[in-house]
Amino acid sequence: MTIFGIGNDILNISRIKKIRKKNGSQFAKKILTNQELKKYFKETYKTKFLAKMFAVKEACCKALGSGIRNKINFKNFELFYTRFGRPKLKFLNYAKYYAKKNKITRKHLTITYEKKYIYTLVILEK
């Protein structure tokens, strides 16, 4: 296996708090998949949840080397957890095609919280 790409993101959670205050649930609907939206509406700490999702998806785009443009958007990535609590990534739509085209076989993800910040790291292997 070789590394295809590495992406990271650090985000001040207050940035997402301001967006939520201004736009309500519109931001969530823009970046979350249907499965993630269901979890979001049940979530107690909605700002922290959105910050995590945004940072993960930004790191994914960086690891792919695509950024958010063309056919790659936030809804092309879905975050879920194993039964042991390990975060995992699922590529959807164009990201799935792009990953297959580039022979990406493994995805690694870590998420770290601090009081004001969230940090994510994504490593893609082929």
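**Briefing: packing and pairing**

Phe54 is buried, at a relative accessible area of 8%; buried means under 20% relative accessible area, exposed over 50%, and partly exposed in between (1.4 Å probe, protein chains only). The model is a predicted one, in which local features need pLDDT of at least 70 and side-chain atom pairs count only at pLDDT 80 or more, while totals for chains, interfaces and linings use all residues. Residues are numbered from 1 along each chain as its sequence is written, and side-chain values use heavy atoms, with hydrogens and water left out. Helices (H or I, at least four residues) and strands (E, at least two) are DSSP runs, numbered from the N terminus.

**Aromatic rings**

- Seven aromatic pairs are found in a search of the whole structure; rings of Phe, Tyr and Trp (its six-membered ring) pair if their centres lie within 6.5 Å, and planes under 30 degrees apart count as stacked, over 60 as edge-to-face and the rest as tilted.
- One of these pairs joins Tyr40 and Phe49, a tilted arrangement with 6.1 Å centre to centre and 40° between the planes.
- Tyr40 is buried at 1% relative accessibility, and Phe49 is buried at 8%.
- The rings of Phe54 and Phe74 also form a tilted pair, with centres 5.3 Å apart and planes at 35°.
- Because Phe54 lies in helix α4 and Phe74 in the loop between α4 and β2, this pair ties together parts that are 20 residues apart in sequence.
- Phe74 is buried, with a relative accessible area of 10%.
- Phe27, Phe54 and Phe74 are linked by ring pairs into a cluster.

**Charges over rings**

- Lys46 lies over the face of Tyr40, 5.5 Å from the ring centre; a charge sits over a ring if NZ of Lys or CZ of Arg is within 6 Å of the ring centre and within 35 degrees of the ring normal.
- The charged end of Lys48 is placed over the ring of Tyr113, at 4.3 Å from its centre.

**Helix α3**

- In helix α3 (residues 34–42), the buried residues are Glu36, Leu37 and Tyr40.
- These residues cover an arc of only 100° around the axis, which puts them on the same side of α3; the arc is that of the directions from the helix axis to the C-beta atoms.
- Asn34, Lys38 and Lys42 are exposed on the face of α3 turned away from its buried side.

**Nonpolar core**

- The largest nonpolar core has 36 residues; such a core is a set of buried Ala, Val, Leu, Ile, Met, Phe, Trp, Tyr and Cys residues joined through side-chain atoms within 4.5 Å.
- Helix α4 gives the most to this core, with twelve residues.
- Among the residues with the most contacts inside the core are Leu64, Phe77 and Phe91.

**Salt bridges**

- There are three salt bridges in the structure, each a side-chain nitrogen of Lys or Arg within 4 Å of a carboxyl oxygen of Asp or Glu.
- Lys62 and Asp9 meet at 3.1 Å, N to O, and since Lys62 lies in helix α4 and Asp9 in strand β1 (residues 3–12), the pair ties together parts 53 residues apart in sequence.
- Lys57 and Glu36 meet at 2.7 Å, N to O; Lys57 is buried at 1% relative accessibility, and Glu36 is buried at 0%.
- Arg106 and Glu125 meet at 3.7 Å, N to O; Arg106 is partly exposed at 42%, whereas Glu125 is buried at 13%.
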